[in-house]
Amino acid sequence: MSEPIPEPPGWPILGNAFEIDLEFPLGTFNKWADQYGDLFRVRFPGRDMVFVTSQALVHELCDEKRFQKGINAALLEVRHGVHDGLFTARLDEPNWGIAHRVLMPAFGPMPIQSMFSEMHEIATQLTLKWARHGPDERIMVTDDFTRLTLDILSLCAMNFRFNSFYHDEMHPFITAMGDFLVESGRRSQRPPVMGFFYRAANQKFADDIDILRSTAESVLEARKAHPTDRKDLLAAMLDGVDPKTGLKMTDKSIIDNLITFLIAGHETTSGLLSFAFYQLIKHPKAYAKAQKEVDEVIGTGTIRPEHMNKLPYINAILRETLRLNPTIPLTGVEAKQDEVIGGKYFIPKGQPMALLLAKVHLDPAVHGDTANDFIPERMLDENFDRLSKEFPDFWKPFGNGQRACIGRPFAWQEALLVMAMLLQNFDFTLEDPDYELQYKQTLTTKPKGFYMRGGLRNGLTPTELTDRLSGGSPKPAAAAAARSTKTKPQAEGKPMSIYYGSNTGTCEALAQRLALDATAHGYAVTVLDTLDAAADKLPKDRPVVILTASYEGQPPDNAIQFTKWLEGLKGDELEGVSYSVYGCGHRDWAQTFHRVPKLVDETIEARGGSRISALGVTDAANGEMFENFEQWEDEVFWPAIEEKYGVVGDADGEAFSPGISVQFSAPRSSTLRQDVKEAVVLDTKVLTGPGAGEKKHIEIQLPSDMTYRPGDYLAVLPINPVKNVNRAMRRFNLAWDSHITIEADAKTTLPTSVPVPAYDVLGAYVELAQPATKRSILALASLAPAPTIAADLTTLAGPSYTAEISRKRVSVLDLLERFPSIPLPFSSFLALLPPMRVRQYSISSSPLRDPHTATLTYSLLSSPSLADPTTEHVGVASSYLASLAKGDRLNVSVRPSHSAFHLPEEPEKTPVVLIAAGAGLAPFRGFVQERAAQIAAGRTLAEAFLFFGCRSETDDLYREEFDRWEKMDAVKVMRAYSRVEGGVEGCKRVDERLWKERETLMGLWDKGAKIYVCGSRGVGESVKKAVVKIAMDGQRGKVERGESEQEPDEKKALRWFEGIRNERYATDVFD
């Protein structure tokens, strides 16, 4: 008895057509795969398609005795342009067999190797373009790789030059081809009766086909008019004779296949190269290994054909890239006769089926918990062969059987060559360190919005690179000078380079502050950039300052490549580098506290660097990061600079020099941050009842290209509370419509050289509520009109600072209101304030509910101000979110959480234990919402338990939703109420409930459960103690039962706990 195939609910006649994202259909299919599992049906008007997503089912469908290639609806539309070309022909069409047999010899090893020199020529054009544009230039990765692969294919296959690197605009063929493919996909999803309403699109479709065919025809006619003895693809098409039928290819078939090769051959390889460089930049360890392989195999010489078989790691990178990011994400098959697959699903003859490779390649049954991770080692020859034997057809980026891609050897040599050439000569970084992969989809996929920057390695110049690529012997380059991607001296003085590693913006803000202060000390900061930009090129002719954080012992996203490069050094490569390091961290991560700053500081010295000043560090837990940094600057760093280099500037020449000037004017303008995008509020509501601390829910419509996973963060760029902005406007007697024009001596995060409303600057660009630093207080003291005021401020900056300023969160604005006679200029006020930072909130929804919306769950921070009890202290971000209403716009970006803080890859097998208190429930609402959607789609999941602590029923967040999900078996909720007499079953705190349910918890652990914790630092610590206590109790039980002789030991239990962190025990704690 066969089982019904699960499917999403749809509309009569229309089916699921209107639920599919037309810009990114793959995203919709992937979402349904997450929801419905190994197999599901999607209905379109007049037809349906069955999608398979597991290796086991794909292996069945690759049996050519039972299944054959199907021409799906999108390929049927492509046939309007290429008819029965190799990629779109039906198996029984004679032109396919003739072309296939004629062209197979042209893709043999010798013909492919003979194309190497022409591939090298075009790759050289790309390489020199990037070199000559320099490290400051933003590289449009997918565009340039598209130019590259089109030019390589057209030159090698048909001796035709598009000369794409000699024109700013793409050749009309490329534009027409892209539009043709996009429209083919869209036409395939429209009901046939709708065609009448798309007359303009239909005409454009026909015009694009004319461009494609006329271009191919001109190439063919040119070869006929001027015959050559070249043995390329076009020659094979013209001269080849089918050994089976004795027929030659017709002109029409030649044109069809020329277009087919130009489309399929260059689109897929350009996507592969783009995805590969994204993955390498995001995974610096793999990047370093690849570059090391190139250095060892090729060195600095010219790349030759024999090198191609000596690059196993790059070969593995390409395989792994196609596993994670198949450029053709699905292929079609159909049953030759009625079949049953998976032992239970009936498939009728001719049923269209799609192998959803974007999910098949991530099957956890093959790759385990690392299925979504980029690990090239798994694709090295030995491992690849083993996986192929254990899990046949687990990797299918080039199709299957006799209809597999005929041009695979061509594409592979091309990709290896380009990878080797670029890694040999460049160091690459992301243009936007926060960029996360987005997709652009036609019939193939490519990264969307992916830009990088490339600096030549080892001091190489473009001229020397030209010699190298042409086979010459370049002269040894001088030591590599710093090449910042953001360099331009903004003031005269001795040069200084500043690099930062920062995820949340704190170290970047400190770097900006140091750059501004440097001017007063006689230094011009010519380089202010991310740490990754300094990999392999730390300057030796100036002081270098590095500011970096640690995140659970790992470097920030924009410092990963630098850190891996630094750890890979073996000798005294950094001799001559003069440096100082300042680090941020959080003491909660005791074992990895300041790990990265210490690593950087010690490694640079070990590799020959000369330390200017002692390592400076701060603890985010104490809330005095800016104050600690300024103290390190004034008491450690600048004195050390003056001792080493002499007094260059006149830091004491003025009581306070802001480094910026302000002019007031009338025109209105505004500047927005670049690392966030505009989103729209869809709904807001209060979650708590009377008497409970206010917690709120906000639903946000994300930008169309923004995606997330349950457990990720949404970074919000807030605006200061209106009350605080009005206070500042009143303090400086500014009219509500005042505009200012800012000019700065050094790089600043304030908008410069354009008139901007003062209200906007105070609201959006600076932190008005940030506690004043000691330096800021002393700056105010230097302007005090009376000795008594100066003395009071000096005391506040001294022994009273922690108690009276830091703990009470007294801001510069608070002090100006307390001492209104201080004549502080508005420009100086702005200079004393740190830049506005994004705040991260755990997303409390699942994309399976709606991939285009995300919800946040947050506590509204509002309490009497410790600085002035007559006023109210409100949280900047929470008050901003609370002020938003339906239809309002805000600036956001998705930030990935720690890799461990995501649901298990095999939810059917791995139980989960979720532990939270208060608003810490947020990510787990997303987790359970995801599980509920999967269960509703017919999947059977492992157990899930939620341990949740709150005050009482009045703040039992989302109670109705969790009750409904509990009835679905998506979760079992165990509660603890702290403000209810007797709690819940005697438990008032979540750690007490854990202890009460310890037998259940131990049973889940023995089944392989993963534990997740979210809440305040106190919650995290109490849960840790409870888990260790439960582990010791479990060990005691084993001793009592005679199963072990090892008595429970707290030290061993703590070591065990540290061993499971970020493996089976993941936390997300906050202050």
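**Reading strands and confidence in a predicted model**

User: In this predicted model, what makes strand β32 (residues 972-977) largely enclosed by the rest of the structure?

Analyst: Count its buried residues. Buried means under 20% relative accessible area. In β32, 5 of the 6 residues are buried, so the strand is largely enclosed by the rest of the structure.

User: How do you know that β31 (residues 944-950) and β32 pair?

Analyst: Pairing needs at least two bridges. β31 and β32 have 6 bridges, and they run in the parallel sense. L946 stands opposite V973 in β32.

User: Why are β25 (839-842) and β26 (853-859) said to stand at the edges?

Analyst: The open sheet has 6 strands, in the order β25-β22-β29-β20-β21-β26, with antiparallel pairing. β25 and β26 each have a single partner strand, so one side of each is left without a neighbour in the sheet.

User: What makes β22 (residues 713-717) and β29 (residues 889-895) a pair?

Analyst: The cut-off is at least two bridges. These strands have 5, in the antiparallel sense. In β29, V892 is the bridge partner of V716.

User: How do you know what confidence the predictor has in the chain?

Analyst: Look at pLDDT, which runs from 0 to 100. The chain averages 88, and 94% of the residues score at least 70. Over residues 473-491, though, the pLDDT is below 50. Residues 665-674 are also below 50. Where pLDDT is low, the predicted coordinates should not be read in detail.

Methods: Residues numbered from 1 in each chain as written. Predicted model: local features only at pLDDT ≥ 70, side-chain atom pairs only at ≥ 80, totals over all residues. Heavy atoms only, no water. Contact = heavy atoms within 4.5 Å. Helix = DSSP H or I, 4+ residues; strand = E, 2+ residues; numbered from the N terminus. Buried < 20%, exposed > 50% of the residue type's maximum accessible area, 1.4 Å probe, protein only.
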